[in-house]
Amino acid sequence: MSEALRPTRKNEQKQPGWQRLSPWAVLLLLLSGGVTLVRQHLPLVLGAGAGLTMLERLGLRELALGGATLLGLAMLCSLLYYRRFRYRCDGDVLIVQKGLLEHREFKVAARHVQSIVTHQPVYMRPFGLVLWEVETQAGEASRIALPGIRRECAEALERELRSSTDLAPSLQGQRNATPSEDRASARRAAPHFTLNGKAIVLHGLASRSIFVIAAMLSPFVRPLERWVHDVLPQLDLAAWQPASPWVTIALGILLVVATLSVLAILAAWWRFHGYELFDEGDRQVQRSGLVHRQEQTLSLSRLQVVEWVQTGLGRLLGRGYLVCHQYGSSGGDAAESRRFLVPGLTEAQHEWLTVRFWPGYAAGQPLQRVDSSYRRVLLLRHVLLSTGAAVLVEVLAPGQLSLLAWGGLAGGLLLLSSALAQWRWIATGWAKENSYLRIRRGILGQRTGVFPLQHLISLRVQQSWLQRRRGVATLHLELANGRQTLPYLNAKEAHRLADALLFSAENAQLA
């Protein structure tokens with residue numbers, strides 16, 4: 001963009017020439033690298049007892065000397081990395097040069113930026129530094145980070161990149177102009193959505209954080225088991241231990257679940273305390289964090305799919321969360337914390353925010369179910385998996401169960417398979433609402449994705465030999481962030497829906 005076309009603003013800080021990271025970034029890089037290394041490997045070391053083994057073989061003096069040597073090498077590498085790292089804005093292009101042994105240069109055009117994230121951990125606050133990250137349409141693989149710059153420099157960089165795109169047309173044709181800077185600042189002073197303490201607690205219980213925490217604590221299971229085996233018999237527990245072993249097991253399970261629930265609530269408070277959502281026209285900005293404060297920007301013109309997620313417990317509590325997918329953001333649970341997430345929502349809040357993100361969307365039609373043959377296929381899959389598991393148990397431990405026990409197990413597995421197939425068939429549905437498509441899937445927990453038809457890149461109608469006999473087909477919809485699937489539709493209805501989707505998408509793109 002030429003200088004004649006770029007709008008000028010008073011008191012706006014330009015980026016004159018090359019700039020470097022803050023001198024404190026050397027220490028911060030060393031600390032962040034050490035914390036990451038400890039977080040990744042300490043549970044494995046403690047779980048396997050490798051730390052004590054190394055200490056016994058090498059000795060405390062040799063181990064301290066080796067640690068000091070590694071610390072010196074890390075300091076030297078951090079200093080060299082700092083000296084080679086520099087950045088600047090050349091018009092509407094952000095240029096970053098870095099590298100330790102290999103010198104690399106990255107260039108990011110402002111029109112390709114889809115999200116900006118600003119992190120401020122607790123150890124950066126005394127120095128007034130932030131970790132500034134920018135991501136393009138290629139997704140997380142194209143993420144560029146400036147580790148340790150002044151907040152003023154980060155805000156100036158963000159204004160520079162935004163000023164280059166304020167006059168540029170939106171890629172999707174949804175929004176062609178952004179409000180002025182003073183109006184955006186006025187709106188940021190009053191967030192249009194905030195989270196209270198109750199919503200954060202319910203989100204901690206209703207999210208999948210419990211399973212993530214359980215996986216993180218799994219390396220400590222064996223040391224805890226050894227402690228229970230060695231110490232517990234020496235304690236006098238007869239005064240308070242229940243007489244029934246089943247009651248003891250139930251209390252133990254309840255204690256584990258309660259501990260994981262408390263940790264999940266604390267994790268939710270750590271991440272989402274003080275959550276605020278600001279409206280800046282073509283962008284949504286969120287700020288949150290108890291100790292580790294972060295700010296994340298969502299570009300609505302790059303928004304591909306808005307997904308409403310509810311776990312099984314979340315449906316009972318009446319809570320869920322929105323996940324906003326942009327270019328290059330694959331579906332599912334992977335790296336969900338890196339996406340734009342709005343937690344602790346009720347059903348009414350979810351619908352209100354979805355309309356806020358996409359003003360033309362209005363959920364009014366009931367979801368249509370897929371063909372009932374999908375339920376039979378799911379039942380057959382579950383029965384085959386249960387049968388394979390039972391055969392494996394019999395091969396590994398032959399003769400352990402009686403014939404009556406096998407009959408009861410088979411009946412229970414058949415009943416469970418039928419229930420799972422029924423629940424998944426009921427949860428799978430779709431609805432075409434004007435220029436938007438809504439797709440729901442799941443079993444106990446459910447995911448409902450909403451996207452404009454103009455975001456459809458391609459579609460594929462697939463039929464297996466069994467589906468041809470049943471007269472059904474599976475519709476695969478390819479979007480910029482991944483795939484949405486509608487299984488076991490009536491074949492004629494699938495082709496009719498595919499033609500309608502392509503017609504609507506082509507008309508929307510031409511308009």
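## The second largest cavity

His203, Ala206, Ser207, Val309, Gln310, Thr311, Arg319, Gly320, Tyr321 and Gly344 line the second largest cavity of this predicted model. Helices (H or I, at least four residues) and strands (E, at least two) are DSSP runs, numbered from the N terminus. By class, the lining has three nonpolar, six polar and one charged residues. Here Ala, Val, Leu, Ile, Met, Phe, Trp, Tyr, Cys and Pro count as nonpolar, Asp, Glu, Lys and Arg as charged, and the others, Gly among them, as polar.

The second largest cavity holds about 40 Å³ of space. The whole structure has two cavities of 30 Å³ or more. A cavity is a set of points, on a 1 Å grid over the protein atoms alone, where a 1.4 Å probe fits but cannot get out; lining residues have an atom within 4 Å of a point. Grid points are joined across faces, edges and corners, and a volume is the space filled by probe spheres set on the points. Rolling a probe the size of a water molecule over the atoms shows where empty space is left.

## How the model is read

Residues are numbered from 1 along each chain as its sequence is written. In this predicted model, local features need pLDDT of at least 70, side-chain atom pairs count only at pLDDT 80 or more, and totals for chains, interfaces and linings use all residues; side-chain values use heavy atoms, with hydrogens and water left out.

## The chain overall

The chain has 15 helices and 21 strands. Of its 511 residues, 39% are buried. Buried means under 20% relative accessible area, exposed over 50%, partly exposed in between (1.4 Å probe, protein chains only). The chain exposes about 28,300 Å², and carbon and sulfur atoms supply 63% of that area. Accessible areas come from the Shrake-Rupley method with a 1.4 Å probe; for residues, only the protein chains shown count as cover.

Take the contacts in the chain with a separation of 6 or more: residues 24 or more positions apart account for 60% of them. Contact means heavy atoms within 4.5 Å.

## Helix α6 and strand β13

Helix α6 has these buried residues: Ala199, Ile200, Leu202, His203, Gly204 and Ala206. They pack against α9 (245-272), α10 (312-317), β13 and β14 (340-345).

Strand β13 contains valine 323. Valine 323 is buried, because its relative accessible area is 0%. Its C-alpha lies 10.0 Å from that of arginine 447, which is 124 residues away in sequence.

Glutamate 276 sits in strand β9 (residues 276-280). Its relative accessibility is 27%, so glutamate 276 counts as partly exposed. The C-alpha atoms of glutamate 276 and threonine 194 are 4.7 Å apart, yet 82 residues separate them along the chain. Beyond neighbours within four places in sequence, glutamate 276 is in contact with Pro191, Phe193, Thr194, Val285, Gln286 and Arg287.

Tyrosine 488 belongs to strand β21 (residues 482-490). This residue is not a glycine, but its phi is positive, about 55°. With a relative accessible area of 8%, tyrosine 488 is buried.

## Cysteines

The structure holds zero disulfides (a disulfide is a pair of cysteine sulfur atoms within 2.5 Å). Cysteine 89 counts as buried because its relative accessibility is 11%. Cysteine 153 also counts as buried, at 19%.

How values were computed:
On a 1 Å grid over the protein atoms alone, a cavity is a set of points where a 1.4 Å probe fits but cannot get out, and a pocket is an open set with protein on both sides within 12 Å along at least five of seven lines; lining residues have an atom within 4 Å of a point.
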